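Me: I'd like to learn how to read helix packing and ring contacts in a model. Could we go through one together?

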Amino acid sequence: MTMGTFYEDSVNKRKVTIASYPRSGSNWVCYCIERLTDLIIIGSDDSEERGANITQSNPKAVIHKTHGNGTDFWVTFPGENEGYFLIVRNHKECIVRHRRIDDQPIPINLVLNDLQGLPLSDQENTDYLAMLELYDLYLGPKMLLYYEDFIINPKEELLKIVEWYEQFGGKFNKDDIYNFVDNIADHKKKSLDRYVGIHLGVATGGDPDKLRYQSGPGHRKEHQGKDGNILPNTCKQIDNHIKNKRPDIYKKYLKRFEYDGYN
């Protein structure tokens with residue numbers, strides 16, 4: 001049974017959807033949520049380690065993780081009073097790193113293909129802009145988390161997260177959060193070890209100094225410049241694409257990521 005099927009079959013059980021474009025740090029965020037609340041996430045790496053069927057039957061497994069790459073998400077979201085928790089990372093960083101054709105340079109049109117927005121022409125494809133537009137339109141309980149803020153200010157962001165999850169039955173203790181942050185290096189290592197064990201590799205590893213870094217071999221060379229940063233021309237093409245398509249969404253949610261010469 002696939003995670004997509006789990007998502008669809010559990011529509012009456014779901015209380016929260018965690019959505020993100022790939023390479024946005026969702027596994028690390030989910031690791032933290034599962035350890036600081038008593039809620040369980042279907043689709044997290046822990047779910048795979050526990051065994052998907054065991055996770056599915058657990059009454060606390062009311063959160064579902066998705067990248068929006070399946071009709072089950074677009075057809076069944078939202079359930080009644082379902083929460084929408086969206087993780088957002090610099091679009092230029094995560095899309096360029098995720099999109100690849102083996103070891104060949106990435107054509108810019110392949111990058112822009114994941115920024116088509118609503119309505120989706122292909123619901124099997126993950127789309128960064130569409131998930132953000134859905135968030136903007138959604139009138140139910142919702143929270144947006146910027147991955148960059150989460151990495152730089154984990155204590156402050158974790159407090160916001162666990163307090164938001166209280167409405168769905170989550171419980172937390174502030175002392176546990178403080179202890180977690182005091183030992184965050186150990187937790188990050190456990191999360192990365194788990195991630196590597198399942199996904200066979202890691203890129204930026206939650207390093208605050210690599211929030212704009214493009215790791216990897218030749219398949220990114222067309223867009224990768226000095227110190228691993230994305231080339232200015234690629235940044236401008238991606239930004240201009242969103243500005244032309246949805247200037248309001250860009251200004252409201254993505255202006256903070258506008259290319260600034262990496263100063």
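Me: Which residues in α2 meet Asp-176, Ile-177 and Phe-180 in α11?
Reply: Contact means heavy atoms within 4.5 Å. By that test, Trp-28, Tyr-31, Cys-32, Arg-35 and Leu-36 of α2 meet those three residues of α11. An α-helix has 3.6 residues a turn, so residues three or four places apart point the same way. Before we go on: this is a predicted model, where local features need pLDDT of at least 70 and side-chain atom pairs count only at pLDDT 80 or more, while totals for chains, interfaces and linings use all residues. Residues are numbered from 1 along each chain as its sequence is written, and side-chain values use heavy atoms, with hydrogens and water left out.

Me: At what angle do α2 and α11 pack?
Reply: Helices and strands here are DSSP runs numbered from the N terminus (helices H or I, at least four residues; strands E, at least two). Axes are lines fitted to C-alpha atoms, for helices over the stretch in contact, and angles run from 0 to 180 degrees between N-to-C directions. For α2 and α11 (residues 174-182) the angle is about 140°, with the axes 10 Å apart. Angles under 35 degrees count as roughly parallel, over 145 as roughly antiparallel, 65 to 115 as roughly perpendicular and the rest as oblique; α2 and α11 are therefore oblique to each other.

Me: How many residues of α2 are buried?
Reply: Buried means under 20% relative accessible area, exposed over 50%, and partly exposed in between (1.4 Å probe, protein chains only). In α2 (residues 26-36), ten of the eleven residues are buried, including Trp-28, Tyr-31, Cys-32 and Leu-36. A charge sits over a ring if NZ of Lys or CZ of Arg is within 6 Å of the ring centre and within 35 degrees of the ring normal. The charged end of Arg-35 is placed this way over Tyr-31, 3.6 Å from the ring centre, and that of Arg-256 over Tyr-146, at 4.0 Å.

Me: How many aromatic pairs are there?
Reply: A pair of aromatic rings is described by the distance of the centres and the angle of the planes. Rings of Phe, Tyr and Trp (its six-membered ring) pair if their centres lie within 6.5 Å; planes under 30 degrees apart count as stacked, over 60 as edge-to-face and the rest as tilted. The count comes to 19 aromatic pairs. Phe-73 and Trp-74 are edge-to-face, 4.7 Å centre to centre with 65° between the planes. Phe-73 is buried at 1% relative accessible area, and Trp-74 is buried at 15%.

Me: Why is the pair of Phe-85 and Tyr-165 tilted?
Reply: Their planes stand at 45°, with the centres 5.5 Å apart, so the pair is tilted. Phe-85 lies in strand β4 (residues 83-88) and Tyr-165 in helix α10 (residues 154-165), so the pair ties together parts that are 80 residues apart in sequence. Phe-85 is buried at 0%, and Tyr-165 is buried, also with 0%.

Me: Where do α13 and α14 meet?
Reply: Among the contacts, Asp-239, Ile-242 and Lys-243 in α13 face Pro-247, Tyr-250 and Leu-254 in α14 as part of the meeting set. The axes of α13 (residues 232-245) and α14 (residues 247-254) come within 5 Å and cross at roughly 120°, and the two helices are therefore oblique. Tyr-250 is buried at 3%.
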